[in-house]
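Biologist: I'd like to go through this model with you, starting with the strands and then moving on to the helices. Could you put it up on the screen?

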Amino acid sequence: MTDTSTPPSADSSEQATAAEPAGADEAKKSESVASDSDLFRQSEIAADYVEGLLDILDYDGDIDELVSAGRPMVEVVGGRLQPLVGQRGATLEALQELTRLAIFRATGSPSRLLLDIGGYRAARRKELGAVARNAVEKVKEHGEPVRLEPMSAFERKCVHDVVNAIPGVQSESEGVEPSRRIVVRVAD
């Protein structure tokens, strides 16, 4: 995932520093460290939960827990994992939601955990980049909006990231789950 937030300008950070009492920077650092440790704790809870599921289902897989781009992640790698991904990632999405619920139950806080199994998300992100670039080419060539097929939230985010990085076009989501889709059009 890519962090699309804009870093503060030097002027705004200088103004903030001048207005803050001494020791505020240290407090911020400890908050971010605590935040990172909370995120890593979420990934540990998720890894334990997923490991329990794999044991129940008698699947073998190596589980990596990490924090990336400010969100907890769990990656499962191994053979025979396709049934856990399902058609177009439907089973993976369901497992991700169950794992997020396990984190919520353990911590009392909602989680933005990203679960990947067998490298599905990385491969799908690459495919969706091609879909997005193809839609942009059509919009630039014909000037008409292009409506893409319905996608999951993860898939829509991948497409939005690619389209928003290309000048002259914009994307927006329309519709209601599970039929929510992206429309790519010429930028206003």
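Biologist: Which residue is the bridge partner of Val-169 in β6?

Modeller: Bear in mind that this is a predicted model. In it, Val-169 has Val-186 of β6 as its bridge partner.

Biologist: And how many bridges join β5 to β6?

Modeller: Six bridges join strand β5, residues 169-174, to strand β6, residues 181-186, and the two strands run antiparallel. The hairpin that they form has six residues between the strands, and in that hairpin Gly-175 takes a positive phi near 95°.

Biologist: What about the peptide bond from Glu-177 to Pro-178, cis or trans?

Modeller: That bond is cis, with omega near 0°, and Pro-178 is placed in the loop between β5 and β6.

Biologist: What is the strand order in the sheet that β5 and β6 belong to?

Modeller: The order is β4-β6-β5, in an open sheet of three strands with antiparallel pairing. The edge strands are β4, residues 146-147, and β5, each of which pairs on one side only. Between β4 and β6 there are two bridges, again in the antiparallel sense, and Val-146 stands opposite Val-184 in β6.

Biologist: Which helices lie across those strands?

Modeller: Helix α5 lies across β4, β5 and β6, running at about 40° to β6, while α6 lies across β5 and β6 and runs at about 160° to β5.

Biologist: How do α5 and α6 sit against each other, then, parallel or oblique?

Modeller: The axes of α5, residues 120-142, and α6, residues 153-164, come within 8 Å and cross at roughly 50°, and the two helices are therefore oblique to each other. The crossing in which α5 passes α6 is right-handed.

Biologist: Which residues make that contact?

Modeller: From α5 the contact takes in Tyr-120, Arg-121, Arg-124, Arg-125, Leu-128, Gly-129, Ala-132, Arg-133 and Val-136, and from α6 it takes in Phe-154, Glu-155, Cys-158, Val-159, Val-162 and Val-163.

Biologist: Changing topic, which residue forms a salt bridge with Arg-121?

Modeller: Glu-93 does, with the closest N and O atoms 3.0 Å apart. Since Glu-93 lies in helix α4, residues 90-107, and Arg-121 lies in helix α5, the pair ties together parts that are 28 residues apart in sequence.

Biologist: How many salt bridges does the count come to?

Modeller: The count comes to ten salt bridges, when a side-chain nitrogen of Lys or Arg has to lie within 4 Å of a carboxyl oxygen of Asp or Glu.

Biologist: Back to strands: what is the order in the sheet with β1?

Modeller: That is an open sheet of three strands in the order β1-β2-β3, with mixed pairing. At its edges stand β1, residues 62-68, and β3, residues 114-117, each with a single partner strand, so one side of each is left without a neighbour in the sheet. From one strand to the next the twist averages 15°.

Biologist: In what sense do β1 and β2 pair, parallel or antiparallel?

Modeller: They pair in the antiparallel sense over seven bridges, with β2 covering residues 71-77, and the bridge partner of Asp-62 in β2 is Val-77.

Biologist: One last thing, where does Asp-58 lie?

Modeller: Asp-58 lies in the loop between α2, residues 24-57, and β1, and it has a positive phi of about 60° although it is not a glycine.

Methods: Residues are numbered from 1 along each chain as its sequence is written. This is a predicted model: local features need pLDDT of at least 70, side-chain atom pairs count only at pLDDT 80 or more; totals for chains, interfaces and linings use all residues. Side-chain values use heavy atoms; hydrogens and water are left out. Axes are lines fitted to C-alpha atoms, for helices over the stretch in contact, and angles run from 0 to 180 degrees between N-to-C directions. Helices (H or I, at least four residues) and strands (E, at least two) are DSSP runs, numbered from the N terminus. Angles under 35 degrees count as roughly parallel, over 145 as roughly antiparallel, 65 to 115 as roughly perpendicular and the rest as oblique. A crossing is left-handed if the near helix is turned anticlockwise from the far one by less than a right angle, and right-handed if clockwise. Contact means heavy atoms within 4.5 Å. Two strands pair if DSSP finds at least two bridges between them.
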